[in-house]
Amino acid sequence: MKLSAAFGCLVATIASTTTAYDAYVPPQVTVQSYRQPQQVCDHPIYCNGPILERVQLSGVFDKDKTFVDMPTRKPVKEIVAAFDLLPEYATKESIAKFVDDNFYPIGYDIVEAELEDWTENPPFLRDVTDPVLRGYGMSLHKQWKKLARRQDTSKICKGCESSLIPTNNVFIVPGGNNSREFRYWNSYYINLGLLKSGLHKTAKGALQNLLDAVARYGFVPTGGRVYFTDRSEFPLLPLMIKDYFDATHDQAFVSEALPLLQKEYSFWDTYRSGNISYTRSGESPSLATRQNLAPGYVTSKTTFFGPSLFSTAQPSGQSSILASLFLRPENYLQDYVTSKTSMTGSNLFSTSLSNGDFYAASEAGTTPSVQYADLSTAFSGPSLFSTSSRRRSLNIPSTNPFADFSKDELLVLGTADINNTIAVNLNSILYQSEIIIADFIKLLSNNTDTHKSLQYRQSANERRQTMMDLTYNPQTGLFSDYHVSTGKQSDIWTINSLWSYWAFADAIPSSGSQQALDNLAELHKKFPGGLPNTYYNTTLLWDWPNVQSPMQHMAIKSAAAIENLSTYGKRAGDVGKGIAAGIAQSTLTSSFCNWYTTGGTISGVLDSYDNASGSSSGASFGSYAIGADGNVITTTDASDLGDYAWTNSVLLWLYDEYSRDIEIPTCPNIKLNIVQETTRSLRKLPVRRQA
């Protein structure tokens with residue numbers, strides 16, 4: 001099947017760009033009100049101030065996160081007094097001694113934890129008979145023991161402090177070398193995996209930690225450290241509570257969680273949302289006909305990434321420029337270099353970094369499309385320059401979007417326009433959250449909709465309507481982020497924009513759904529090793545050639561939502577497995593093959609790979625790379641795993657949800673040393689798919 005010209009505009013390596021679809025222009029938006037300002041974390045060591053600036057810029061540590069994860073040996077006031085005695089131009093050695101004298105080593109405030117509900121017979125393997133798949137699944141399940149942690153401040157002196165947010169239950173770390181706390185976005189996938197492993201008590205405790213954070217801060221911070229408490233990530237907590245309830249039917253926990261879910265929703269409504277106005281035309285690709293909404297001037301609320309930050313303190317000794325930029329403590333030096341280049345690199349590009357841009361980029365996480373700047377005027381808020389300047393265009397050649405670019409050439413983070421972007425995935429998640437909260441209110445009201453539940457449903461309907469008006473392209477069936485400053489949809493498409501189909505596929509025109517699924521099928525054919533979030537080699541983690549399991553999970557859920565529609569028509573020539581199942585198999589294959597080449601074995605079933613490293617017993621990775629042919633690139637190097645907990649968790653979810661479809665992986669150019677004969681697939685079981 002020939003790939004549609006519409007998608008050719010998005011993936012230049014698959015088809016040439018045409019002008020046929022350039023004519024679509026969404027409505028122009030006027031911002032009526034922006035989000036309310038949010039106070040930045042002002043902790044004098046871990047968040048802001050001269051101590052943080054001096055230590056992080058000194059080069060004492062290879063990684064910025066090391067210093068801000070070190071508990072204090074003395075009360076903060078004594079440390080501040082000791083710092084004031086340092087000479088203005090203290091040497092690196094003097095600063096290193098200051099740190100050693102006043103801080104404990106990293107990891108001094110956490111310990112490995114036992115899992116009280118551990119089982120050697122996880123439910124996702126209950127019906128798995130194939131010995132290779134069963135053995136690999138069990139190896140994934142056992143990883144939970146390596147990732148479980150609990151907070152322990154018993155060794156820290158009285159009056160001393162840790163940057164950890166207080167937690168009362170076991171939490172699961174993401175798995176990378178810097179993993180010393182929970183991370184919000186990772187927790188969504190970890191929750192899925194724990195539930196599939198039957199570790200319901202552990203899952204509940206981890207969810208309670210997040211709910212406790214909402215009670216303390218009003219929202220779930222990006223991670224379990226105090227320096228994360230002025231930013232968040234995708235607000236997925238309602239989806240997590242729903243997954244837990246679906247697995248356990250624990251209505252009492254839903255009752256306890258509901259007020260806090262509403263509290264977090266209120267945070268996003270207050271500190272990340274704004275009112276916008278635009279004219280809805282009769283030709284707008286909206287749901288006006290179904291909802292009996294007439295064309296005309298409309299006002300609605302939408303949500304953006306990133307806070308509008310302010311500080312109540314201006315620490316003495318810190319440069320006013322750095323204070324106004326709010327550099328991320330755990331990425332301080334990187335942000336400093338980016339900001340300096342942005343300020344001085346006039347030949348490279350012209351930009352203005354508003355306060356909060358770095359935090360917004362961090363909060364957006366997996367949405368690099370909103371980091372790529374269109375040629376537009378900069379955000380009109382506070383900036384480093386007295387006047388707004390034009391943002392730099394990336395000028396990635398359409399003839400070779402996979403060409404190598406250095407970080408100096410791109411400086412993508414330095415061109416962030418996230419504060420001015422209506423992100424598809426964020427608003428899709430909030431739509432899901434609004435529906436889930438409404439359903440929970442109804443559940444706890446004798447299955448009767450109340451005035452409050454109907455309010456949430458109305459908010460969801462209005463959000464969906466706005467997304468259809470501004471981010472949906474009826475000519476392609478695809479969604480793209482909307483740049484308020486230009487009144488245009490993003491030219492750089494991201495796989496994350498499919499999230500809307502997961503959220504409300506049944507409300508999208510069937511022709512668009514079919515187009516989207518056809519395009520996704522062609523994309524999977526082009527990249528059988530996994531779907532990258534974008535198709536530009538920018539050297540950033542979320543771009544080609546890197547592939548992450550969360551993106552595969554989202555694509556699977558979106559494809560399944562379309563395939564489950566009554567209006568869905570199977571493509572000519574399709575037999576057996578659908579697109580969702582095909583991506584599920586690819587996701588399993590990429591992970592399994594790298595596990596095998598890094599020493600993965602199954603006693604009596606699968607011998608080790610001939611070239612595997614003897615120091616590893618099989619590794620999972622936070623991301624994988626695909627080659628020019630679209631297949632996964634395997635490695636024997638297990639030295640840098642990344643945040644692999646979400647990879648394992650998505651695989652456990654696949655084992656359970658796609659047990660009928662997945663087979664023993666076929667690894668490109670690698671022969672599996674199978675000891676005993678196996679079947680090529682799991683025993684055929686009914687598929688339990690959730691749209």
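Trainee: What order do the three strands of the open sheet have?
Mentor: The order is E1-E6-E7, and the pairing is antiparallel. Strands are DSSP runs of E, at least two residues, and helices are runs of H or I, at least four, all numbered from the N terminus. Two strands pair if DSSP finds at least two bridges between them. This is a predicted model: local features need pLDDT of at least 70, side-chain atom pairs need 80 or more, and totals for chains, interfaces and linings use all residues. Residues are numbered from 1 along each chain as its sequence is written, and side-chain values use heavy atoms, without hydrogens and water.

Trainee: Which are the edge strands?
Mentor: Strand E1 (30–33) and strand E7 (296–303); each pairs on one side only.

Trainee: How many bridges join E1 to E6?
Mentor: Three, with E6 covering residues 273–280. Thr-30 has Ser-277 as its bridge partner in E6.

Trainee: New topic. Where does Gln-38 lie?
Mentor: In strand E2, residues 38–39.

Trainee: Is Gln-38 buried or exposed?
Mentor: Gln-38 counts as buried because its relative accessible area is 6%. The cut-offs are under 20% for buried and over 50% for exposed, with partly exposed in between (1.4 Å probe, protein chains only).

Trainee: What does its side chain make a polar contact with?
Mentor: The side chain of Arg-272, at 2.8 Å. A polar contact is a pair of N or O atoms within 3.5 Å; within protein, one must be able to donate a hydrogen and the other to accept it, and residues adjacent in sequence count only if both atoms are side-chain atoms. The Gln-38 side chain also reaches the backbone oxygen of Asp-230 at 3.4 Å.
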